[in-house]
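Here is a short tour for a reader who is new to this structure. Keep the sequence and the 3D view at hand while reading.

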Amino acid sequence: MARKVMSNDYAPAHVEIVDLPKDIISVRPLARLRPEHRLVYDAAVFAAADSIESAIPRGVYSYRWWKRRQRLVGPGKMWITMQRVAKSLHNKNPSLLLARTDVTAFYEHIEVDQLIEDLSALDVPDWSVEILDNFLRAFNGLSHAWGLPQGPDSSGILANLYLIPLDMELARRGYRHFRYSDDMYIFANDWLALREIIVEANKLLRYRHLNLAGNKTRIIGSHDVPNEFEDSEKDAISYGITVADQEAPGELRAFFDRVIAQEPVRARDLKFSLGKFKLLVDDYAVKWLLANMGEVPHLAREALAYLSLFHQENPSIGNSVIDLLTNSKLFLYPYAEQHLLIYMIQNAVQTNKGVKAAWDLLLNRNKESFVREFAARYLGLYGLRGGASRLKQEFQQEQNHRVRRALLVACYEAGQCSDQWLSVVADSDPELRLTVEYLKQRPEKIPVPATGRQYDFT
């Protein structure tokens with residue numbers, strides 16, 4: 001890999017695209033890069049980060065680069081900061097109107113030629129520009145996604161660079177604006193002025209093959225602006241929980257009841273509620289989640305992390321999770337299936353029904369590889385007797401590299417890996433040599449990705 005980078009002959013191989021649910025209908029194409037490709041991509045972007053950061057105005061809050069510490073500032077905290085700063089501006093200037101907008105499929109419509117031209121205009125190392133040029137062209141040519149790979153936080157740095165011309169135009173015209181990636185707040189005293197700048201912004205963006213999302217573009221009257229900022233009631237609930245106010249748990253429950261009464265349920269509000277219930281160790285949302293998980297597949301990770309908190313005192317939740325895996329609309333959402341399997345691994349849910357569900361997923365070669373990988377790991381850890389040799393058989397027949405790696409580890413977990421067999425695997429499949437070397441060390445504990453747990457096999 002290093003030789004290819006030094007000779008400017010580096011490009012990623014096949015990139016797996018994961019359809020990450022944004023809501024119950026739409027998805028976002030998440031790029032699952034192999035570790036070595038992710039390493040090179042991040043290195044090239046971070047080498048350019050100082051120069052990009054110097055060009056980005058203060059009103060941009062997403063994916064900011066901390067020069068002194070040479071790392072990204074946490075994007076979640078920056079979203080909250082932007083909300084508070086925008087609200088503070090309006091509190092000081094209550095007559096201001098607000099335009100809210102964002103860009104349609106922003107990452108997917110970023111033009112590589114234009115982005116590389118923007119990078120070349122900055123004081124960025126030549127090798128960084130060359131790597132990113134080759135990498136992004138290969139990414140756009142080798143996968144059914146395009147633009148910037150979604151998933152790596154480093155892509156957010158390049159996305160910020162792509163919208164700097166819009167930031168500069170808004171500043172030149174004297175508008176106060178705030179931006180989080182492509183999500184924008186623009187303030188002005190006059191409705192017509194805001195409409196005019198939205199039209200002009202669309203013209204400027206079209207030069208970059210982008211368009212504002214018409215269904216998300218609104219001009220909000222001054223009296224309604226405070227309602228646009230999400231943190232007012234949430235701030236009060238959070239503060240109450242922090243100071244152990246006896247009223248706070250009841251206020252949180254009332255807030256949750258209002259959230260689930262909405263159609264559709266607002267993801268941010270539900271995520272906030274689950275996070276605070278988790279902090280309070282309050283099982284108020286358990287019953288609703290088990291009955292309605294199919295309606296919020298995009299929140300599977302947060303919902304199942306919350307449910308895990310109550311598994312030991314209520315093991316029947318595990319049976320409900322298996323039912324969700326086998327008898328619900330969640331089969332339409334591989335992302336949700338993955339997190340159901342993570343729950344089963346994390347909480348050692350070992351039942352015949354769970355094992356059958358995992359085998360069904362593993363043997364379905366039309367299923368996304370990241371789901372099959374976790375099914376393999378579950379079977380290696382908790383498959384019932386007689387399944388160990390079958391795992392080895394499936395490993396020998398499997399063609400997908402990622403699933404083969406998961407099956408190899410699962411065979412080890414199931415006690416089916418002699419040193420002699422591992423040597424045969426390494427000789428026949430060079431891509432698994434590092435994994436084989438690791439397993440030959442006979443580790444007592446092997447991490448399971450995304451579960452936060454390790455497992456002792458001695």
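Buried means under 20% relative accessible area, exposed means over 50%, and partly exposed lies in between. Ala 348 has a relative accessible area of 37%, so this residue is partly exposed. Ala 348 sits in the loop between α15 (334-346) and α16 (352-363). Its C-alpha lies 21 Å from that of Ser 389, and 41 residues separate the two in sequence.

## Confidence

The model is predicted. The average pLDDT of the protein is 91. A score of at least 70 is reached by 97% of the residues. Helix α4 (residues 112-120) has the highest mean pLDDT of the elements, at 97. Strand β10 (residues 453-456) has the lowest, at 50. Where pLDDT is low, the predicted coordinates should not be read in detail.

| Residue | Relative accessible area |
|---|---|
| Val 45 | 0% |
| Glu 394 | 8% |
| Cys 411 | 0% |
| Cys 417 | 7% |

Val 45 belongs to helix α2 (residues 35-55). Which residues does Val 45 contact, leaving aside its neighbours within four places in sequence? They are Leu 132, Ser 154, Ile 157 and Leu 158.

Glu 394 is part of helix α18 (residues 388-397). With a relative accessibility of 8%, Glu 394 counts as buried. Beyond its neighbours within four places in sequence, Glu 394 touches Trp 359, Leu 363, Arg 365 and Leu 407.

## The cysteines

A disulfide is a covalent bond between the sulfur atoms of two cysteines. The cut-off used here is a pair of cysteine sulfur atoms within 2.5 Å. How many disulfides does this rule give? The count is zero.

Cys 411 is buried, at 0% relative accessible area. Cys 417 is buried too, at 7%.

## An open sheet of four strands

Four strands make up an open sheet in the order β6-β7-β5-β8, and their pairing is antiparallel. At the edges are β6 (176-180) and β8 (218-220), each pairing on one side only. Neighbouring strands of the sheet are turned by 15° against each other on average, direction ignored.

Look now at β6 and its partner. β6 and strand β7 (residues 183-188) run antiparallel and are joined by five bridges. His 177 is opposite Ile 186 of β7. Phe 178 has Tyr 185 in β7 as its bridge partner. The two strands form a hairpin with two residues between them, and Ser 181 in this hairpin takes a positive phi near 55°.

Is β6 largely enclosed or open? Four of its five residues are buried, so β6 is largely enclosed by the rest of the structure. Helix α7 (residues 164-172) lies across β6 and β7. The helix runs at about 165° to β6.

In a regular strand the side chains alternate between the two faces of the sheet.

## Another hairpin

β1 and β2 form a hairpin too, with five residues between them. β1 and strand β2 (residues 27-32) pair in the antiparallel sense, over six bridges. Glu 16 has Arg 32 in β2 as its bridge partner. Five of the six residues of strand β1 (residues 16-21) are buried, so β1 is largely enclosed by the rest of the structure.

## An enclosed helix

How many residues of helix α6 (residues 154-162) are buried? Nine of the nine are, so α6 is largely enclosed by the rest of the structure. The buried residues include Ser 154, Ile 157 and Leu 158. These three are also among the contacts of Val 45.

Definitions and conventions:
Residues numbered from 1 in each chain as written. Predicted model: local features only at pLDDT ≥ 70, side-chain atom pairs only at ≥ 80, totals over all residues. Heavy atoms only, no water. Buried < 20%, exposed > 50% of the residue type's maximum accessible area, 1.4 Å probe, protein only. Contact = heavy atoms within 4.5 Å. pLDDT = per-residue confidence, 0-100. Pairing = 2+ DSSP bridges. Axes fitted to C-alpha atoms, helices over the stretch in contact; angles between N-to-C directions.
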